[in-house]
Amino acid sequence: MRLDQSSEKSRSIKELRDQLLALTRELNNTTEKLQVLELITDLNELPDSDLTPDEIGDLIKKRKKISHEIIAIKKRIQKLSAKTILKTELVVLPLIAVLLFYGAENQIHHTIAQPNHIKTRYLIENLAGNPNPTYKYWNIAKGIPLTVSIVNPNNLNQDKISVVKKAILSTQSVEISNLQLGTSPSSGNTLYFKGWQGALDTINNTRFNIPTNFHIVQSIDGPGQIVITLSDLEDPDGYSGYTRSIVDNSQILKSYITIYDAGNLSDHRLAAIVRHEFGHALGLPHTSDAQDLMHAVIETNYPYVSPCDIKDIQDVYDGNPSPNSCSIQ
Ligand SMILES: [Zn+2]
């Protein structure tokens, strides 16, 4: 009888989780539609402007409704899980403690295992919502700051915000021996940067101005050109980071970065994802080198801005539509 009840509970938790994923997908689609409409309204490029406020209003209502449903379902899952945990913890907890003890003993010898296999997604689309695969760049006057908003709807603590900021603004570099990296030549070191600022500052003149002046604000409605949302939702397809850039002609107009399940990421993983996604926001594509920061799945133990990432950014802003310094030749 007890077994029946608990399997019924896990079945309903599973059903609720599936519902949650479907709603998250719907929320993402609605948000994306809304973002394009708002951007078009900002640019005054919609031919029939009377239509927009209604459409935007409807989408805002829809988004609100979905968000409420998501919160309700999350609460139900929490409640059900808590009950299930209470019943099983007495039996399972001592076992977990023993396993953790042995796990920790074995892990002491290889501590730099993170971050492993972080899945990321990247999309460029034009104002009509069509995918636009060619590489694009920001076209802003020299010295004009690019505003980066951090949207933190779940009030993650300021330590997390500071991790995000550092991945962009830090000028700190780190030298890693080529022997350790397994690259050729095996002697000497390779210089990486922990933040994009330090990396971009090493680049001299390019055909188009590379943004090097970032004004970071925290906001609920995401003003500015790059919006980083720290979501507490899990992506339905298992991605940890997602950048979507909206472009017109050759110009990036806005980049939306979403970090999924941000509250459960270690600082190291969070920084790695922000570095990777910010690379996209600046115009970088994915690379075929699995050991580079800009690989679609972040696998490297050194997820910092690499010399070839810097070369690729330089190429993008020199007008080269297919930078490939980081690709395996
Ligand atoms: Zn990516």
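Helices (H or I, at least four residues) and strands (E, at least two) are DSSP runs, numbered here from the N terminus. The model is predicted, so local features need pLDDT of at least 70 and side-chain atom pairs count only at pLDDT 80 or more, while totals for chains, interfaces and linings use all residues. Residues are numbered from 1 along each chain as its sequence is written, and side-chain values use heavy atoms, with hydrogens and water left out.

**Pocket and cavity**

A pocket is an open set of points on a 1 Å grid over the protein atoms alone, with protein on both sides within 12 Å along at least five of seven lines; a cavity is a set where a 1.4 Å probe fits but cannot get out, and lining residues have an atom within 4 Å of a point. Grid points are joined across faces, edges and corners, and a volume is the space filled by probe spheres set on the points.

α1 (2-43), α2 (51-107), β6 (226-230), β7 (241-248) and β8 (251-259) each give at least two residues to the lining of the largest pocket. Of its 37 lining residues, Thr31, Arg63, Val151, Pro153 and Thr229 lie nearest the centre. One cavity of 30 Å³ or more is counted. Residues lining the largest cavity include Ile140, Lys142, Asn209 and Pro211.

In the table, Ala, Val, Leu, Ile, Met, Phe, Trp, Tyr, Cys and Pro count as nonpolar, Asp, Glu, Lys and Arg as charged, and the others, Gly among them, as polar.

| Space | Volume | Lining by class |
|---|---|---|
| Largest pocket | About 1,300 Å³ | 15 nonpolar, 11 polar, 11 charged residues |
| Largest cavity | About 40 Å³ | five nonpolar, four polar, one charged residues |

**Zinc site**

Thr120 (OG1), His276 (NE2), His280 (NE2) and His286 (NE2) coordinate the zinc ion at 2.0 to 2.5 Å. Donors are N, O and S atoms within 2.8 Å of the metal (3.2 Å for Na, K and Ca); water is not among the atoms, so sites may look incomplete. The donor residues follow the spacing T-x155-H-x3-H-x5-H. Threonine 120, in strand β1 (residues 118-126), and histidine 286, in the loop between α6 (267-282) and β9 (297-298), are 166 residues apart and link distant parts of the chain.

The four donor atoms subtend angles of 79 to 171° around the zinc ion, so the arrangement is irregular. Four donors count as tetrahedral if all angles lie between 85 and 135 degrees; four count as square planar and six as octahedral if opposite donors are over 155 degrees apart and all others between 65 and 115; anything else is irregular.

Threonine 120 is buried because its relative accessibility is 6%, whereas histidine 286, at 29%, is partly exposed. Buried means under 20% relative accessible area, exposed over 50%, and partly exposed in between (1.4 Å probe, protein chains only).
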